[in-house]
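Dear colleague,

I am passing on a structure for you to look through, together with some notes on what I found in it. Please open the model first and keep it beside you while you read.

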Amino acid sequence: MSDTATKHEVLLRVDDLVKHFPIRGGLFKQVKSHVRAVDHVSFEIERGKVLGIVGESGCGKTTLGRTVLRLTPRTAGKVFFKDKDIFEQGKGNLLKLRTKMQIIFQDPYSSLNPRLPVNEIIGEALVQHGMVKNKSEMMDRVIDIIEKCGLFPEQACRYPHQFSGGQRQRICIARALVLNPEFVVCDETVSALDVSIQSQIINLLKEMQEHLGLTYLFISHDLSVVRFISDQVGVMYLGELVEYGEKNQIFNTPRHPYTEALLSAAPTFDFAELRTRKRIILKGDIPSPVNPPSGCRFHTRCPFAQELCSIESPEDIEVEPGHRVRCHMASGKISASGH
Amino acid sequence: MTSNTTVSKCLTGRKDKQVESFWSSIFKQFRKNKLAVVSFYVLLVIILACIFVPIFSPYTMEQTNMQEKSLPPSAAHWFGTDDIGRDLFTRLFVGGRISLGISLAVVALECVIGILLGTLAGYYGGFVDGLIMRIADIFLCFPFLIICITIVSIFSSGPVTLIVTLAVLSWPSIARIVRAQILSLRELEYMEACEALGISDSRRMFRHLLPNVMAYVIVYATLGIAGTILTETSLSFLGMGIRFPIPTWGNLIQAARNPAVLDKYWWYWVPSGVAIFLTVMCWNIIGDALRDAVDPKMKR
Ligand SMILES: Nc1ncnc2c1ncn2[C@@H]1O[C@H](COP(=O)(O)OP(=O)(O)OP(=O)(O)O)[C@@H](O)[C@H]1O
Ligand SMILES: [Mg+2]
C-alpha cells in the first residue's frame, strides 16, 4: 500500500506526556495528591502503522488515548500530530484537527446517544464541519460508510437500542471513520463484545485500516488481538511505558520482566513456544498509581528485583533499533543471575 | 442514487415503529396505571369544559341580574347565582380557564428558565455552575408566599405580574433537576465522542443532553401545575391574585370566607372547591404515574 516515501512519515509523536489527576479532599477541596495516570510517556507512530498498547487494568491506557486526542488537558509534555503540537492549537485549528483524529470507545452502549437516530449520530459531524452541503448528501455519506462497516442502508434511521452490541460497535466505527480521519484511537474496542463478534470487529478494523491507510493507537489488554493487528507494541505499567518496540521484538525477545510476565500469562496454542517459554508468575497486586513505588515502579512485583531497583528509577534504554526498555537489567546495571 | 429511496423508506419507517423506543415505553407504562388513565380523562373533561362552557353558555361572567340574585341551583342556573345574580356555572369555567391558563403559563415559563439555567450550569460547571446555583439557592430561601404578596402588592396584580412572579420564584427546583441529570450525562462516552467529533456546545446541550432530561422535566412540570393551581388559589383567596370581578377558582372559593355564605349559600363555593380538588388531584396522579414510568427506580 504505502510506498517508501510515506512509510517513514511520523504521524503522531508523543513527547514526555504526563497526565496527573488531582485528588481533592478535606474541607476546602484542596488537592491532596495526584493519580499518576500517565507518567513521562514518549513514542512515535508512523503513518499507516498500528501501535498496540497493552497493560493491566488501571495502568493508564485510556487516559493516554484521551490525552493524546486532547479530550482531557495534559499535565506536561507534548503531542505532535503531523508536527503540530495539538495542545498549542487554537479553537479553530483544534476543530479542524478533530476531523483528522478520532476515537472508538470500549462500551458500545454508553458511547451512542439513545435519543438520536443512527444517521444523525454518524452524520452530525459532517454537517458540523461543513463537509456536506445538505441533508441528502449527508445521508449518502452515512449510507456509504455504514455499508462499508457491515450494516444495511435501511438501518440508518433506527435508534441505537434496536441494535446488538456488535452492530453498535460498527456504528461507532462508522461514526469515527465518516470524517475520513487519518489517526484513530481504538480504546479496547472489542473488549465488551462476545468472543465470536470480537473477531468480526477486529477484521473490520484491520480491513478499514488497510483500505484507508489509517493509523491506529490500538489499546487492549488482549495480547492475541494486539499481536494480530499491531506493527509496534507498547507495554504500560502504572502509567509508564516500560517497553516499546516492533511487534516481533516485543513478542519474541521481550526484555522487560513485566512484558515477559504478561506474555507468559497469555494463553497460547503454539506448543514450541509453550515448551520453551518460562512462566513468570507475578506476586501481589498492581500498586496504586497515587503512591507508585520508588525507583522502578515494577520492583515490588519483579522476580529479579534487587536493591538498586527500589532506589533508582531506570532510564529509557534503546536495546536495539526501535526497541526501548525501562529496566536496570537491560541497561546492564544489574544482571538477572545476580540474585 | 439509492439513498433517496432509502431516505423516504427511513422517514416512513420512522412513523410506525422506529420512534417507539423511549417515549412509547413510557406511554405503555403509564397506561398500566388505571388511576392515572382515569385522571387523564377527568382532566380532559375539565379542560374541555373550561374551553367550551363559556362559549356556549347563554350567560356571560359579568352579566348581573338583580332579580335573580343568590338563587340555588336550578335548570336555568345549574350552579345557582351569586349575590348580584351572575351565573355561577359560567363563572366557574371562566375561572377555570384563568386558573389553569395561569398555571400552565407559569410552569411553561418556569421550565424555560429552569431548563436553560440548569443546562448551562450542568454543562459548563465551574464558575458558571457556582454562580447559577448560588442564585438558585437564594431564590429557594425566599419565603414564597410573602414574596409573592409583596411583589403583587407593589406592582399591579394583573395576570402577567402574577405569572412572571410565580415563575421567577419557582425555577430553581427545575434548574436543579436538569443540572443534576446533565452532570451525570455529561460524563458518558457519547458526550466524549461529541468532543472528539468537534460538535458545537449548543448542539451538545440542546440536541444531545436536553432530550435525555425532558422526561424528568415533564414529570416535574406535571406535578408543578398542581402546585401552581394551589398557589394561585391561595393568593386569590388572600386577595392578592387576580382581582375581582374576573373570576378565578381562588376568587370564587373566597366567598366561603363569609360565615353566612359558608352556612347558607353552599353553591357559591362548593363547585369551585370541588373543581380545584379534582384538578389538583388529577395532575398529581398523572405526574406520579409519569414519574414511575420514566424512572422505575424513583418509585417508592
Ligand atoms: N477522571 C479521572 N479522575 C481521577 N482519576 C482518574 C480519572 N480517570 C482515570 N483515573 C485514574 O487513572 C488511572 C488510569 O486509568 P485508565 O482508565 O486510564 O486505566 P486503563 O488502563 O484504561 O484501565 P482499564 O483497562 O480498566 O480500562 C486509574 O487509576 C484511574 O483510577
Ligand atoms: Mg480503559
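**Where the two chains meet**

Arg98(A) pairs with Glu195(B) in a salt bridge, in which the closest N and O atoms are 3.4 Å apart; a salt bridge here is a side-chain nitrogen of Lys or Arg within 4 Å of a carboxyl oxygen of Asp or Glu. Please keep in mind that this is a predicted model, in which local features need pLDDT of at least 70 and side-chain atom pairs count only at pLDDT 80 or more, while totals for chains, interfaces and linings use all residues. Residues are numbered from 1 along each chain as its sequence is written, chains are lettered from A and ligands numbered from 1 in the order in which they are written, and side-chain values use heavy atoms, with hydrogens and water left out.

Between chain B and chain A the count is 5 salt bridges, and there are also 14 residue pairs in polar contact, both residues being at pLDDT 80 or more. A polar contact is a pair of N or O atoms within 3.5 Å, where within protein one must be able to donate a hydrogen and the other to accept it, and residues adjacent in sequence count only if both atoms are side-chain atoms. On the side of chain B that touches chain A, at least two residues each come from helix 1 (2-18), helix 2 (21-32), helix 8 (189-197) and helix 9 (201-237) of chain B; helices (H or I, at least four residues) and strands (E, at least two) are DSSP runs, numbered from the N terminus. Helix 1 of chain B gives the largest share of that side, 9 residues.

Taking contact as heavy atoms within 4.5 Å, 30 residues of chain B are in contact with 37 residues of chain A. The two chains bury about 3,000 Å² between them, 54% of it on carbon and sulfur atoms, where buried area is the accessible area (1.4 Å probe) that two parts lose on being put together, summed over both.

Another salt bridge links Arg203(B) with Glu124(A), the closest N and O atoms being 2.6 Å apart. Arg203(B) lies in helix 9 of chain B and Glu124(A) in helix 4 (residues 118-128) of chain A, so this pair joins two chains. For single residues, buried means under 20% relative accessible area, exposed over 50%, and partly exposed in between (1.4 Å probe, protein chains only). By that rule Arg203(B) is partly exposed at 23%, whereas Glu124(A) is buried at 5%.

Glu195(B) also meets Arg204(B) in a salt bridge (3.2 Å, N to O). Glu195(B) is partly exposed, at 27% relative accessibility, while Arg204(B) is buried, at 9%.

**A network within chain A**

Salt bridges that share partners join Glu9(A), Arg47(A), Lys82(A), Lys100(A) and Glu182(A) into one network. Glu9(A) sits in the loop between helix 1 (4-7) and strand 1 (10-25) of chain A, and its side chain makes a polar contact of 2.7 Å with the side chain of Arg47(A). Although Glu9(A) and Arg47(A) are 38 residues apart along the chain, their C-alpha atoms are separated by 5.8 Å.

Lys100(A) and Glu182(A) form a salt bridge in which the closest N and O atoms are 4.0 Å apart. Lys100(A) lies in the loop between helix 3 (91-98) and strand 6 (101-104) of chain A and Glu182(A) in the loop between helix 6 and strand 7 of chain A, so the pair ties together parts that are 82 residues apart in sequence.

**A covered helix and the cysteines**

Helix 10 (residues 257-265) of chain A is mostly covered, since 8 of its 9 residues are buried. What covers those buried residues includes strand 3 (50-54) and helix 8 (223-229) of chain A.

A search of the whole structure finds 0 disulfides over all chains, a disulfide being a pair of cysteine sulfur atoms within 2.5 Å.

With best wishes
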